[in-house]
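Please look through the sequence and the structure before reading the points below.

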Amino acid sequence: MNQTSVSLISVNDWVSQILGEAKHKSPAAQASAYAPSNIALSKYWGKRELSFNLPITGSLSISLAEHGTKTGLSVIDAPMHQVILNGKEVSANQSFSIKVSQWLDRVLPNVLKLRVDTHNTVPTAAGLASSASGFAALTLATNSLMGWQLPERQLSALARLGSGSASRSLWHGFVKWQAGEQANGSDSVAFPLEHQWPELRIGLLTVSSQKKAVSSREGMARTITTSALYNQWPQQAESDLATIETAIIAGDFETMAKTAEHNAMSMHATMAGAWPPLVYWQPDSLTQMQKVWQLREQGLPLYLTMDAGPNLKLLFEAKHQSDVEAAFPEVQVITPFG
Ligand code: DP6
């Protein structure tokens, strides 16, 4: 799998092309935006191109309603951007600040510096995809501050430059990110699915909210280059995505949730087959997983999915919420179509 193929156009040239004259518009004094976090039901794990952050496969997610990121931007008279995360200033040499500043420097005129005040309502870097809501909120807030008025597909592509899963976080509900084929990623964008599922519930089981040791970016690269199990992944991911999309349209919970769990377990198997082994789980993750499987054997239609972290996300329908809460008193239940 070649994940380093060189694009014919640089990211900066592509950004200048899509922004055109808008890049030099005068900014408003301040702007803010909210974006929900999201959980992939069919996962993105693997990049086909690094500079544009292009995925090997498509993916499909559900957004987490009020769990996400609110970002305020204001213009400052300073030599560098200033990044505040949950009320605390993040120093310029930390990876979070660096990523945010790099993204801003790509899309803004050189002289323009911002104060970025960002609040997460999900734990940062605990596998709850806060980079997704973070870059989506930053993209929406910048669009508003700069008065770009860009079409949503271009906003999705700009958010993707910051973090792949951010391309899916511009909307609520089910969102599909198509892999695309273009070298500049102009067709590697997400869009919302029309279908709603008011009875769907997501349960967050937080095993740890510590920052993960290996970033998704690094984890994906390691999996692709060292895990023989990865060879089967792209095919499974595309087929799972199609099955999940069809099940969503049909309102078929069992097929949707079963395929999502199988997809997550298969992704984690490709990671475990990497060298050095990549295991994001902790002992408590496995304890909780076994509990889910036991409850399922006893007849409760309860499924799980996990991202690059130790936390579980449970999938179930409203009619089983009290059973799930009884089994997991600590669960945080989200109503994605609330
Ligand atoms: C396991 O979007 O965080 O959550 O593009 O390198 O920022 P980067 O990766 P990121 O990866 C998400 C991986 C995942 C699956 C998913 O959300 O689809």
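1. Contact, as the word is used in this note, means heavy atoms within 4.5 Å. Helices (H or I, at least four residues) and strands (E, at least two) are DSSP runs, numbered from the N terminus. By that contact rule, Lys-99, Val-100, Trp-103, Leu-104 and Val-107 in α2 meet Phe-135, Leu-138, Thr-139 and Thr-142 in α3. Sorted by class, this contact has six nonpolar, two polar and one charged residues, where Ala, Val, Leu, Ile, Met, Phe, Trp, Tyr, Cys and Pro count as nonpolar, Asp, Glu, Lys and Arg as charged, and the others, Gly among them, as polar.

2. The model is predicted, and local features need pLDDT of at least 70, side-chain atom pairs count only at pLDDT 80 or more, while totals for chains, interfaces and linings use all residues. Residues are numbered from 1 along each chain as its sequence is written, and side-chain values use heavy atoms, with hydrogens and water left out.

3. Two packed helices are described by the angle between their axes and the distance between the axes. Here axes are lines fitted to C-alpha atoms, for helices over the stretch in contact, and angles run from 0 to 180 degrees between N-to-C directions. Helix α2 (residues 95-107) packs with helix α3 (residues 130-146) at about 30 degrees, their axes being 12 Å apart. That angle makes α2 roughly parallel to α3, since angles under 35 degrees count as roughly parallel, over 145 as roughly antiparallel, 65 to 115 as roughly perpendicular and the rest as oblique.

4. Is Thr-139 buried or exposed? Thr-139, which lies in helix α3, is buried, with a relative accessible area of 0%; buried means under 20% relative accessible area, exposed over 50%, and partly exposed in between (1.4 Å probe, protein chains only). Leaving aside residues up to four places away in sequence, Thr-139 touches Trp-103, Leu-155, Leu-158 and Ala-159.

5. Helix α1 (residues 11-19) packs with helix α4 (residues 152-162) at an angle of about 155 degrees, with the axes 12 Å apart, and that makes α1 roughly antiparallel to α4. Val-11, Trp-14, Val-15 and Ile-18 in α1 meet Gln-154, Ala-157, Leu-158 and Leu-161 in α4. By class, the contact of these two helices, α1 and α4, has seven nonpolar, one polar and no charged residues.

6. Strands of a sheet pair through backbone hydrogen bonds, either parallel or antiparallel, and in this note two strands pair if DSSP finds at least two bridges between them. Strand β1 (residues 30-42), with ten of its 13 residues buried, pairs with strand β4 (residues 59-76) in the antiparallel sense over eleven bridges. Strand β4 also pairs with strand β7 (residues 113-120), again antiparallel, over eight bridges, whereas strand β5 (residues 82-85) and β7 pair in the parallel sense over four bridges.

7. An open sheet of four strands has the order β11-β12-β10-β13, with antiparallel pairing. Its edges are β11 (303-305) and β13 (332-334), each with a single partner strand, so one side of each is left without a neighbour in the sheet. The twist averages 30 degrees from one strand to the next. Helix α7 (residues 253-272) packs on the sheet, where it touches β10, β11 and β12 (312-317), and its direction makes about 40 degrees with that of β11.
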